[in-house]
Amino acid sequence: MEKKFNYIWPTLLAFAVAVGIFIGGKLHFDDSPEKLFSTNSKKDKLNRLIDYIDYEYVDEIDTDSIVDVTVNNILGKLDPHSVYIPKSEMQEVSENMKGDFVGIGISFYMYHDTITVIRTIKNGPSHISGIKPGDRILIADNDTLFGKRIPNNSIVSRLKGKAGTKVDLKVFRKSEKRLMEFTVTRDRVPIKSVESYYMLTSDMGYLKINRFAESTFKEFKEALRKLKLRGAQKLVLDLRDNPGGYLGIAEKLADEFLEDDKLILYTKNKRGKIKRAYATGKGDFEDKPVYVLINERSASASEIIAGALQDNDIGTIVGRRSFGKGLVQREMDLGDGSAVRLTVSRYYTPTGRSIQKSYKKGHKDYYQEFMDRYRSGELVSVDSIKVADSLKFTTPKGKVVYGGGGIIPDVFVPIGSNEEEAIDSMDDTYEFFSRFVFEHLEKDRKYYESFSRNELLDDFKVDDILFDEFIQFVLNRKIKLDFYAQENRIKDYLKANIAEQLFSPNVAAQIKGNHDRMLQKVKALDSENLYKVEIGALNLDR
């Protein structure tokens, strides 16, 4: 049955929202663990039941799985962000939040049942060893890595290991039609949370953060330093689709824009204990224009930053109403390698707003609320956002802001057309563009490797032949769109994916920015502000 993206994309996007924010629920927590249980009759009751099943039940039962189900059922009665992380997932979740892992430093596809390198991490283990994009990794320490029955997680586990250990790889290089051998020394490989950064205009930098991990603040400071060296006196901080992360990292990042002693947020636990976080004198971008981009998938730590700046009358929040997560989790070890992240407090913006949306209708409705926003027209018109007067707050300069259900931006930007959003979904969620581009590059890598970064950015054009090949690629997967109405967008997305696979996400983001409604709005706002400043200066001169 043929899929029509212009009809199904809202459902797909709702699914993406749910997955992203669910992961974000696992990520937004405070830093200090504490003991979860003390001995009591409730605990003894559960333990005794498990023991009865373990020793007396007529059939053999995996009691570990029963415990997992029990824990999930218990947490399911609480809020949507109190979650259980089984032992099998702890390493991946921990690596994601730490911001690095130990491995060989490649991004890859399983292409025709074989690990094929898309790109090596610059200065990472594989890059240093001489492995190149397009290489097929066939064997690692005599273990076969190709074939239909080998799952991805098994492959990854064979390439990971302890830092400093070596892995012998046998690699087929298609461009040279020969088998090659490499010995790669495993090392720490960064998982970037600063996804991209570049100069949007001659004096305005752009910086996108995809989550708040341990490494995020350090990455942010380094990217900001480079942007300032290139002349950035203004900043676009892109927090769209960012599900959150560490509370402490969000506080540090907000501090970069706020003057000393400004309140960033406060938290309150069940006993009414309040903990406040204030800005310090360490900020590197105070008193400079900043635009924060948010959307319906911006949650928790992203909302902390947007709320802190909005309530302190700093910068401009641009986009659509954020997700609405105002709860703080703490990770607590369960003693067997698993953990629970339990909601221990609520957070409030400086004016006293709680932006947590209601979860009284259950977890399913909570994560599917995006569809309600879509059907109500909220994603298209700011006038469709329903807010209660009882949740009205006022900033120090008299701006009216609202609590409950997310951060409402200062400047609203509607969502794109169904077909624009379908193309974005094909790029982000389903990787049609990156898959197609990878296969295209495989046909003639030498030609594309002759381009420098600037040559590709300034001179390369996607021709009609490549465009038509992509249309056929998509049609073969039973997807229908009015491709020719979106020709310029599709061609730029193809170019962006070529740039990303050859160079970096920074180049790709710069190309895609030409079709970004929010970025175009920021440029317009900045021009208006500049015009007002110039007119004001003229009036003073008179």
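Trainee: Which residues are linked with Arg321 in a network of salt bridges?
Mentor: Arg321 is linked with Lys357, Glu369, Arg373 and Glu378. A salt bridge here is a side-chain nitrogen of Lys or Arg within 4 Å of a carboxyl oxygen of Asp or Glu. Keep in mind that this is a predicted model, where local features need pLDDT of at least 70, side-chain atom pairs count only at pLDDT 80 or more, and totals for chains, interfaces and linings use all residues. Residues are numbered from 1 along each chain as its sequence is written, and side-chain values use heavy atoms, with hydrogens and water left out.

Trainee: OK, and how many salt bridges does the structure hold?
Mentor: There are 32.

Trainee: What does aspartate 241 form a salt bridge with?
Mentor: With arginine 297; their closest N and O atoms are 2.6 Å apart. Aspartate 241 sits in the loop between β14 and α8 (247–255), and arginine 297 in the loop between β17 and α9 (301–311), so the pair ties together parts 56 residues apart in sequence. Those helices (H or I, at least four residues) and strands (E, at least two) are DSSP runs, numbered from the N terminus.

Trainee: Is arginine 297 buried or exposed?
Mentor: Buried, with a relative accessible area of 14%. Buried means under 20% relative accessible area, exposed over 50%, and partly exposed in between (1.4 Å probe, protein chains only). Aspartate 241, at 34%, counts as partly exposed.

Trainee: New topic: why is strand β14 called largely enclosed?
Mentor: Because five of the five residues of β14 (residues 234–238) are buried. Lys234, Val236 and Asp238 point one way, while Leu235 and Leu237 point the other.

Trainee: Which strands run parallel to β14?
Mentor: β13 (residues 204–209) is joined to β14 by five bridges, and β17 (residues 290–294) is joined to β14 by four. Two strands pair if DSSP finds at least two bridges between them.

Trainee: Last one: where does valine 58 lie, and is valine 58 buried or exposed?
Mentor: Valine 58 lies in the loop between α2 (41–56) and α3 (63–76). Valine 58 is exposed, at 71% relative accessible area.
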